Amino acid sequence: MSHSTHTHTHEHEHAREAPRQAPEASCSHDCCGEVPLSAPAAGEPAGESRRVRWLRLLGALALAVLAEVLANLTPPGAAWRALGMGMAVAAVALSGLSVIREGFAALIRGRLDIGALMVVAVGGAFALGQWPEAAMVMTLFALAEHIEARSVERARDAIRGLLALSPARVELRQPDGSWRVVEARTAALGALARARPGERFALDGRVRAGRGAVDESPITGESLPVDKSPGDEVFAGSINLDGSLEYEVTRPAGDTLLARIIEAVEQAQARRAPTQRFVERFARWYTPAVFCLAVALGVGAPLLLGWPWHVAVYRALVLLVIACPCALVISTPVTVVSALAFAARRGILLKGGVYLEQARRIRTVALDKTGTLTQGRALLTAYGALDGRLSAQRSFVLARALALRSDHPVARAVAQGLEEEAGGAGGAGGAGAATPEVLAFGAQPGRGVHGDIDGVAYVLGSHRWMAERDQCTPQLEACLASQEAQGRSVSVLADAGGPLAWFAVADAPRPQSREAVRALRELGVRTLMLTGDNAVTAQAIARDLGIDEVHAGLLPQDKLALVQRLSADGPTAMVGDGINDAPALSAADIGFAMGGAGTDVATEAADVVIMGEDPRRVAQTIRLSRRAHRVLWQNITLALGIKLVFLALALAGDATMWMAVFADTGASLLVVFNGLRLTREPAFGASGLPWRAVPA
């Protein structure tokens, strides 16, 4: 087994084990437990509105403040003391009953979470006669927890917002020809649905009638509209911009491309990043260690150092409040989920936090040529006339007539290219030029096609056929040499008198490929092209795009072996789009599948799926990974740094319970807000512009 394959197996084992691993010392609240960040909020009691929750917490805060005022400003007396204690108890009851219940349950299970620590701390404060402080601590803690829960909800909303992209209802054609709006989940495969201008598609399908532009940015991240006509695919969640489109349903509601994106993002949370696993392991030891330190302080200091018991116990209680690793444990999942959701909204689907973190280490990117760096189809790139016996316009009309009769990819490219040129003024075929009839049409495998037009025999064929016909003039040879050096396939139109015109066809690079390669080089990443095509074509495209190294004439097993060798030398990514790329995608440290909307085999083999066909997303993924890594360690440093400062203050006797609460919940809020920056701040492209604004 290769090194990279072993790495994948190891990470997938972690992914399978992850749901069973819960940090023993994590908080029981949804900020720190194993509740997925895309799940519904669990921070509020069932049936309680957010407004009622706020009113209850504000009422508790008012009672706690009054209890503090009575304790400090009223004269000594049983009546005032009883009234203050009553207000303190009421404040604790209003704000912290759920915390107390969870705390007692945790203590019974022997689990040291924030609920257990708060029960011990508040109970101890009451026992020491510090009831105003106990009430204020519990109220502030509950208020901060509520604010934190609302903040974490934003991370959930980043994923849950994907669900809202697909309408719940769809307009279907009925057997009698009428149209009726029904639940999308009831639509059967093969049903005919309709999307009006401005509406979102509710289901995946294939256009049967109508033409129009569709905004697929929610799925692929591509900001430019895509023209759709009969036979083209449409995806749930995309927006029909103009024209009414009727489409045949090809996938049920639960299996649309959008549904699979959401499911993959949900599952990605289980594949924990190495930093997240480290934090969870650390949290298992951190809280018990601090709890033991608090017990030692509360019991040992009076016995060994002669401290007053109430002073030692109070400092120990402060330590307990500080001890919860809530901020530390939540620092990683909020950041990871924010980054995963941000990427998904821009057409980049990472299958786990582990790949989000690994992408920053990539130093070599191997790219497939056909369909990844190029458009994957032959295009007419250049053409010209050779002989003055016929006008250039007439030569192009004859070539188009012959090419239209063939189903060979090169001939189809010539016909389509000349057709497009014929539509423009002064184009190849002339505006509105009629296509002449071809008689006695035939094809010569490996050579080209031939036919009679207006009583004259013409051929449209390869360089080889021209040589066999002894029609390779010096002018033609010079032209062919120039075009073939650029990796183009050239067809020649000729009659019995000699060559008349030439047509160069090539698989043209994608408009974004040159910028994609430049962005990778700016990140310090070496680029390689892996292709089964011939070396001349591959070298020509590599020179045009700025690729560092070319490996041509490769079979799938050759790509696999090369990627394995590259991975042994350092972190390597493979970018491909087809079945022949699947072995290399699996063997790479990170595999990127291009065009995830239609290449199922490559999508299954890859770790990152680029839903559109924009190779710039590879560099953007690496940039997002590096940015997320910085935020992760900022959060860890914040969480641990604040804890350490307040632990030192508590041991020195300079920290109060109020300060302890702010140390815990304040740190949690800071790391949540810092992690949420990844949901709204753009990751910038090589040009310094936001993702969706990077020019093509």
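**Briefing on the predicted model**

Aspartate 454 is exposed, with a relative accessible area of 62%. The structure described here is a predicted model. The protein has 696 residues, of which 53% count as buried, and its secondary structure comes to 23 helices and 22 strands.

- Most residues other than glycine have a negative phi, and most peptide bonds are trans.
- Aspartate 454 has a positive phi of about 55°, although this residue is not a glycine.
- The location of aspartate 454 is the loop between strand S14 (448–453) and strand S15 (456–461).
- Aspartate 470 also carries a positive phi, near 60°, and is a residue other than glycine.
- The loop that holds aspartate 470 lies between helix H15 (463–468) and helix H16 (474–484).
- Aspartate 470 has a relative accessible area of 71% and therefore counts as exposed, the cut-off being over 50%.

**Overall surface and contacts**

- The accessible surface of the protein comes to about 28,700 Å².
- Carbon and sulfur atoms account for 58% of that accessible surface.
- Among contacts in the protein with a separation of 6 or more, 69% are between residues 24 or more positions apart.

**Nonpolar cores**

- In soluble globular proteins, nonpolar side chains tend to be buried together.
- The largest nonpolar core of this model has 44 residues, and those with the most contacts inside it are Met118, Val318, Ile322 and Met657.
- The elements that each give two or more residues to this core are helix H2 (50–73), helix H3 (78–109), helix H4 (114–127), helix H5 (131–163), helix H8, helix H9 (309–323), helix H22 (616–652) and helix H23 (657–680).
- Helix H9 supplies the largest share of this core, with 9 residues.
- Another core, of 40 residues, lies apart from this one and has Leu373, Val525, Ile547 and Val550 among its members.

**Valine 318 and alanine 650**

- Leaving aside neighbours within four places in sequence, valine 318 is in contact with Ala650, Ala655, Thr656, Met657 and Ala660.
- Alanine 650 lies in helix H22.
- The relative accessibility of alanine 650 is 0%, so this residue counts as buried, the cut-off being under 20%.
- Alanine 650 touches Arg315, Val318, Leu319, Ile322 and Ala655, not counting residues up to four places away in sequence.
- Although alanine 650 and valine 318 are 332 residues apart in sequence, their C-alpha atoms are 6.5 Å apart in space.

**A nonpolar surface patch**

- Val295, Val299, Leu303, Leu304, Leu305 and Trp309 make a nonpolar surface patch of about 670 Å².
- Helix H8 (residues 274–305) contributes the largest share of the patch, 5 residues.
- Leucine 305 has its place in helix H8.
- Leucine 305 counts as exposed because its relative accessibility is 59%, where the cut-off is over 50%.

- Strands of a sheet pair through backbone hydrogen bonds, either parallel or antiparallel.
- Strand S21 (residues 590–594) is mostly covered, with 5 of its 5 residues buried.
- Ile590, Phe592 and Met594 point one way from strand S21, whereas Gly591 and Ala593 point the other way, and all are buried.
- Strand S20 (residues 572–576) runs parallel to strand S21 and is joined to it by 4 bridges.
- Within this arrangement, methionine 574 stands opposite glycine 591 in strand S21.
- Strand S22 (residues 608–610) is likewise parallel to strand S21, and 3 bridges join the two.
- Phenylalanine 592 stands opposite valine 608 in strand S22.

**An antiparallel sheet**

- An open sheet of 3 strands has the order S6-S5-S8, and its pairing is antiparallel.
- Strand S6 (226–228) and strand S8 (239–240) are the edge strands, each pairing on one side only.
- Strand S5 (residues 212–215) and strand S8 run antiparallel and are joined by 2 bridges.
- Aspartate 215 stands opposite isoleucine 239 in strand S8.

Definitions and conventions: Residues are numbered from 1 along each chain as its sequence is written. This is a predicted model: local features need pLDDT of at least 70, side-chain atom pairs count only at pLDDT 80 or more; totals for chains, interfaces and linings use all residues. Side-chain values use heavy atoms; hydrogens and water are left out. Buried means under 20% relative accessible area, exposed over 50%, partly exposed in between (1.4 Å probe, protein chains only). Two strands pair if DSSP finds at least two bridges between them. Patches are made of residues with over 30% relative accessible area and no salt bridge: like charges are joined within 9 Å, nonpolar side chains (Val, Leu, Ile, Met, Phe, Trp, Tyr) within 5 Å. Accessible areas come from the Shrake-Rupley method with a 1.4 Å probe; for residues, only the protein chains shown count as cover. A salt bridge is a side-chain nitrogen of Lys or Arg within 4 Å of a carboxyl oxygen of Asp or Glu. Contact means heavy atoms within 4.5 Å. A nonpolar core is a set of buried Ala, Val, Leu, Ile, Met, Phe, Trp, Tyr and Cys residues joined through side-chain atoms within 4.5 Å.
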